[in-house]
Amino acid sequence: MKHIVEDDRREARQSMLDAYPSIQYLYSADDGNTVVLYLKFKKCDGNFQ
């Protein structure tokens with residue numbers, strides 16, 4: 001199963017912005033408009049009820 005999880009660390013937001021310097025004039029790690037999400041996989045126990 002997949003779950004979408006927010007990584008609310010400032011370091012994660014800054015790392016994302018560092019990877020995409022062309023958007024740094026629009027966003028900052030502390031502006032409240034920048035969110036980093038990741039997929040978290042969980043082991044399925046086979047019970048689908």
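Trainee: Which backbone oxygen lies 3.0 Å from a polar atom of the side chain of T34?
Mentor: The backbone oxygen of S28 does. Before going on: this is a predicted model, in which local features need pLDDT of at least 70 and side-chain atom pairs count only at pLDDT 80 or more, while totals for chains, interfaces and linings use all residues. Residues are numbered from 1 along each chain as its sequence is written, and side-chain values use heavy atoms, with hydrogens and water left out.

Trainee: What makes the pair of T34 and D31 a polar contact?
Mentor: A polar contact is a pair of N or O atoms within 3.5 Å; within protein, one must be able to donate a hydrogen and the other to accept it, and residues adjacent in sequence count only if both atoms are side-chain atoms. The side chains of T34 and D31 are joined at 3.2 Å, and the pair is listed as a polar contact.

Trainee: Why is T34 called buried?
Mentor: Its relative accessible area is 8%. Buried means under 20%, exposed over 50%, and partly exposed in between (1.4 Å probe, protein chains only), so T34 is buried. T34 sits in the loop between α1 and β2; helices (H or I, at least four residues) and strands (E, at least two) are DSSP runs, numbered from the N terminus.

Trainee: Which residues is T34 in contact with, leaving aside its neighbours within four places in sequence?
Mentor: R13, M16, L17, Y27 and S28, where contact means heavy atoms within 4.5 Å.

Trainee: Which residues of α1 are buried?
Mentor: A12, R13 and L17 are.

Trainee: How do you know that they are on the same side of α1?
Mentor: They cover an arc of only 135 degrees around the axis, so they are on the same side of α1. The arc is that of the directions from the helix axis to the C-beta atoms. The face turned away from the buried side carries the exposed residues E11 and A19. Cover for the buried residues of α1 includes β1 (2-7) and β2.

Trainee: What makes D7 and R9 a salt bridge?
Mentor: A salt bridge is a side-chain nitrogen of Lys or Arg within 4 Å of a carboxyl oxygen of Asp or Glu. For D7 and R9 the N to O distance is 2.7 Å, so the pair qualifies. D7 is buried at 14% relative accessible area, and R9 is partly exposed at 45%.

Trainee: How many salt bridges does this rule give?
Mentor: The count is 2. R10 and D30 also meet in a salt bridge, at 3.0 Å, N to O. That pair links distant parts of the chain, 20 residues apart: R10 is in helix α1 (residues 10-19) and D30 in the loop between α1 and β2 (36-41).

Trainee: Why is D30 called exposed?
Mentor: D30 has 54% relative accessibility, so D30 counts as exposed. R10, at 37%, is partly exposed.

Trainee: Which residues make the nonpolar surface patch?
Mentor: I4, V35, L37, L39 and F41 make a patch of about 540 Å². Patches are made of residues with over 30% relative accessible area and no salt bridge; like charges are joined within 9 Å, nonpolar side chains (Val, Leu, Ile, Met, Phe, Trp, Tyr) within 5 Å. Accessible areas come from the Shrake-Rupley method with a 1.4 Å probe; for residues, only the protein chains shown count as cover. L39, in strand β2, has a relative accessible area of 46%. β2 gives the most to the patch, with 3 residues.
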